[in-house]
Amino acid sequence: MSNILKKEREVVIPGETIAEGMDYLPGDNTYREGEKIFSKVLGLVGVTGRVMKITPLSGPYIPMTGDKIIAKVFDITMSGWRFETNTAYSAMMNVKDASSRFIKRDEDLSKILAIGEYAVVKITKVTSQNLIDLTMKEPGLHSISGGRLVKINSQKVPRIIGKQGSMISLIKEKTGCNITVGQNGIVWIKGESEKELLAEKAVKMIEARSHEEGLTEKMGKFLTGGEQ
Amino acid sequence: MAYTERVDGRKFDELRPMEAKAGVIPNADGSALVKAGKTTAYAAVYGPRELFPRFKQNPKTGIVRCHYGMMPFSGSGERIRPGNSRRSQEIAMVIEKSLNAMIDLSAFPNAVVDIYVDLPQTDAGTRCAAISAASIALADAGIPMKDMISSVAVGEVDGTVVADLCYDEEAYDAIVSDIPVAMTHNTKEITLLQMDGEISKEDLMKALEMASVATDKVYELQMKALKDKFAVRLEK
């Protein structure tokens with residue numbers, strides 16, 4: 001006999017039993033011991049077919065290949081730039097991945113990206129030791145100037161974006177700001193200064209109230225009338 | 001004269017009134033507060049973050065670093081000199097080891113998770129409150145753990161086995177033993193076991209059995225603290 005002991009989207013803590021029996025398989029953030037499947041983090045239960053998984057409610061950003069992140073240059077080396085990624089690990093970007101134009105051998109790299117500058121970059125590779133390679137060569141990737149940066153918990157990023165980008169396009173539309181959300185939890189907002197402030201408030205509010213349902217509608221009201 | 005009634009009127013296996021709360025420090029990645037009678041422990045967790053000095057980095061797994069500190073006028077005795085002491089260093093080490101047993105940082109090589117536990121008010125059982133609080137704070141920070149760790153002290157006062165000793169019992173004028181115990185919830189594995197004083201082998205086994213029941217009560221509280229944090233948000 002196999003059965004699931006928790007409801008879908010129920011909050012579980014580390015070590016809680018979520019299913020019994022061999023008919024279910026341990027997915028993300030779970031582990032099996034004997035016949036039982038246990039949770040490994042604080043999160044929400046999810047069941048897809050036979051696979052049990054936990055969606056974390058908090059926790060660090062885990063770099064993944066293909067993620068678009070916002071990172072800060074903190075060092076320049078012979079062959080490229082080193083970035084702070086809002087994780088425990090720094091990332092490298094090679095000269096050849098910085099620009100589609102030809103960069104001469106003796107060119108001053110700080111003219112392209114100086115120390116302290118932020119950039120929207122994409123992760124091209126992550127090794128088992130969490131060494132990260134970045135690129136800035138694709139459309140939509142660029143260095144950042146002006147605007148403001150907001151740091152949020154990276155687990156809340158999907159909520160900021162919303163289903164098919166509904167939430168983020170709502171904020172963009174109502175405030176007229178340009179908004180880029182990095183998967184590592186750094187959000188870049190650029191527009192008129194007062195609108196920027198409003199957009200920042202909206203982002204912070206979504207982070208704090210990410211568990212509520214119908215949040216997109218509430219945010220719509222907040223952004224038009226200032227009502228909460 | 002045997003110890004027939006406890007100094008604060010509790011039953012022998014009764015714990016002090018306890019309280020636990022998660023997410024009490026906004027700047028930390030995870031945090032918790034645990035109160036057990038007149039002992040209060042705040043735990044804050046930061047990380048995983050880059051570990052310096054570099055020679056301490058472990059390329060196979062992340063490590064845990066712990067700080068434990070009692071505040072200057074937290075106890076009932078003399079002022080405690082702030083900063084590190086032999087005692088606080090040792091307690092930080094045992095807390096670290098007892099938690100390390102269940103934390104899985106294999107996904108974060110070379111990194112560190114810092115745990116800071118501070119006690120603004122103390123009345124015995126500080127390392128137990130610290131471990132229980134740190135366990136909640138780690139879960140709150142989203143650190144992968146195989147199980148929660150709950151901790152409570154047991155002991156023997158003048159021939160009677162009791163749970164969760166307060167300072168007056170530790171200082172009771174007879175033969176007293178004070179045994180802090182930390183246990184995992186599912187498997188009841190012991191991750192901390194220390195002793196001060198003396199106790200017979202039979203009574204030690206009795207005390208450990210009592211600890212197993214007592215840590216379950218602590219676990220219930222820890223679970224409630226973590227689930228409450230999100231329940232509040234759902235209601236709003």
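This is a predicted model: local features need pLDDT of at least 70, side-chain atom pairs count only at pLDDT 80 or more; totals for chains, interfaces and linings use all residues.

Biologist: Okay, what share of the 236 residues in chain B is buried?

Modeller: Buried residues make up 50% of them.

Biologist: And which order do the elements of chain B follow from the N terminus on?

Modeller: Chain B has four helices and 10 strands. Reading from the N terminus, you get β-β-β-β-α-β-α-β-β-α-β-β-β-α. The radius of gyration of chain B is 18 Å, close to the 18 Å from the globule rule for 236 residues, so chain B is as compact as a globular protein of that length. Its C-alpha trace spans about 55 × 45 × 35 Å along the principal axes.

Biologist: How much of the contacts in chain B comes from residues 24 or more positions apart?

Modeller: Taking contacts with a separation of 6 or more, such pairs account for 71% in chain B.

Biologist: Now the two chains together. How many residues of chain B are in contact with chain A?

Modeller: 29 residues of chain B touch 21 residues of chain A. On the chain B side, the elements giving two or more residues are strand E3 (39-50), helix H2 (126-140) and helix H4 (201-235). H4(B) gives the largest share, six residues. By type, that side of chain B has 15 nonpolar, five polar and nine charged residues.

Biologist: And how is chain A divided?

Modeller: Into domain 1 (7-56), domain 2 (68-144) and domain 3 (148-225). The centres of domain 1 and domain 2 of chain A, taken over C-alpha atoms, are 37 Å apart.

Terms used: Residues are numbered from 1 along each chain as its sequence is written. Chains are lettered from A and ligands numbered from 1 in the order in which they are written. The radius of gyration is taken over C-alpha atoms; the globule rule is 2.2 Å times the number of residues to the power 0.38. A residue is buried if 20 or more other C-beta atoms lie within 10 Å of its own, exposed if 12 or fewer, and partly exposed in between; C-beta atoms are placed from the backbone. Two residues are in contact if their C-beta atoms, placed from the backbone, lie within 7 Å. Domain bounds come from an automatic or database domain assignment. Ala, Val, Leu, Ile, Met, Phe, Trp, Tyr, Cys and Pro count as nonpolar, Asp, Glu, Lys and Arg as charged, and the others, Gly among them, as polar.
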